[in-house]
Amino acid sequence: MNYRHAFHAGNFADLHKHTILLAILSALQAESDALAVIDTHAGAGAYDLSGEMARRSGEAQAGIFRLKAASDAPAVFGPLLAAVLKINSGQEGDLYPGSPLLIARALRKTDRYAGCELRPDDMSLLAKTLAPYANAQALEADGYATAAGQAGRGGRAFVLIDPPFERPDDYARIVETTRAVLKRAPDAVLAIWLPLKDLETFDAFLRAMETVTPNSVGGGLLVAELRLRPLTDPMKMNGSAMVMVGAPTGVEAAAAEAGDWIAARLGEPGGRSRVWRA
């Protein structure tokens, strides 16, 4: 599966992922004096939705543009909509912030952020995106290895894992990285984004994750599952999920509110959202 960020920026999955990400970040800052955020697959950091890749997919039109036009969008989307407005200088516009920019702008003086990216073109854009933020750095490095090596080195670890799933071992490496991070930093929080194509792959991943997270802070896994349509065609991305380890208080309600609205307003018949603990 090719899930390069620029093709899908601002789509339904980004709305779900970024709303939950901002809820986690806010809750962790209320709990912890210092955070060490590691983004394993950072991408370019920000996206022009009028660009060729975004226009080719057209997914932003059915995502962020519909959210901005909605009169009934719940308050949980407020931080994301404010960030979109800010990147467009307070005007209507086609720019959309990726996770690196969302996080970098929210950092306190005591927090730090490392965004990892291996594609040279995206790495160059990421470095430019993060240049204004003293506590944020772009690393041309393997994100899995960086998370496993840096967790526990000052500040509470918060790891975002959002791979393009172009490699057949991504699921296995996520499980291995989770194990390594929790070994070094038992109070770490991890947020893992997944595409939902078929139930068998999703269930197998959750079973594997349950073997490495039974004693984690927060009581194992919190799963925010979003289906735009029934999982009947494994050739389509039928939905997405955020699988969280050590999710702080309040995130469960935020994830449920965001997912319910997206499924109802942007989904097809048979779509649904649920948040549950595994």
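**Note on a predicted model: a loop residue, a helix pair and a strand**

1. L49 sits in the loop that runs between strand 2 (46–48) and helix 3 (52–57). The model is a predicted one. L49 has a relative accessible area of 7%, and the cut-off for buried is under 20%, so L49 counts as buried. From L49 to E59 the separation is 10 residues in sequence and 9.5 Å in space, taken C-alpha to C-alpha.

2. Helix 2 (residues 12–31) packs with helix 6 (residues 99–106) at an angle of about 25°, and their axes are 11 Å apart. That angle makes helix 2 roughly parallel to helix 6, because angles under 35 degrees are classed that way. The crossing of the two helices is right-handed.

3. Which residues make the contact of helix 2 with helix 6? Helix 2 contributes H18, L21, L22, L25 and Q29, while helix 6 contributes S99, L102, I103 and A106. Sorted by class, this contact has 6 nonpolar and 3 polar residues, and no charged ones.

4. Strand 7 (residues 189–196) has 8 of its 8 residues buried, so the strand is largely enclosed by the rest of the structure. Both of its faces are covered.

5. Strand 7 pairs with strand 6 (residues 156–161) in the parallel sense, over 4 bridges. F158 has V189 of strand 7 as its bridge partner.

Technical notes:
Residues numbered from 1 in each chain as written. Predicted model: local features only at pLDDT ≥ 70, side-chain atom pairs only at ≥ 80, totals over all residues. Heavy atoms only, no water. Axes fitted to C-alpha atoms, helices over the stretch in contact; angles between N-to-C directions. Parallel < 35°, antiparallel > 145°, perpendicular 65-115°, else oblique. Left-handed = near helix turned anticlockwise from the far one by under 90°. Contact = heavy atoms within 4.5 Å. Nonpolar A, V, L, I, M, F, W, Y, C, P; charged D, E, K, R; others polar. Buried < 20%, exposed > 50% of the residue type's maximum accessible area, 1.4 Å probe, protein only. Pairing = 2+ DSSP bridges.
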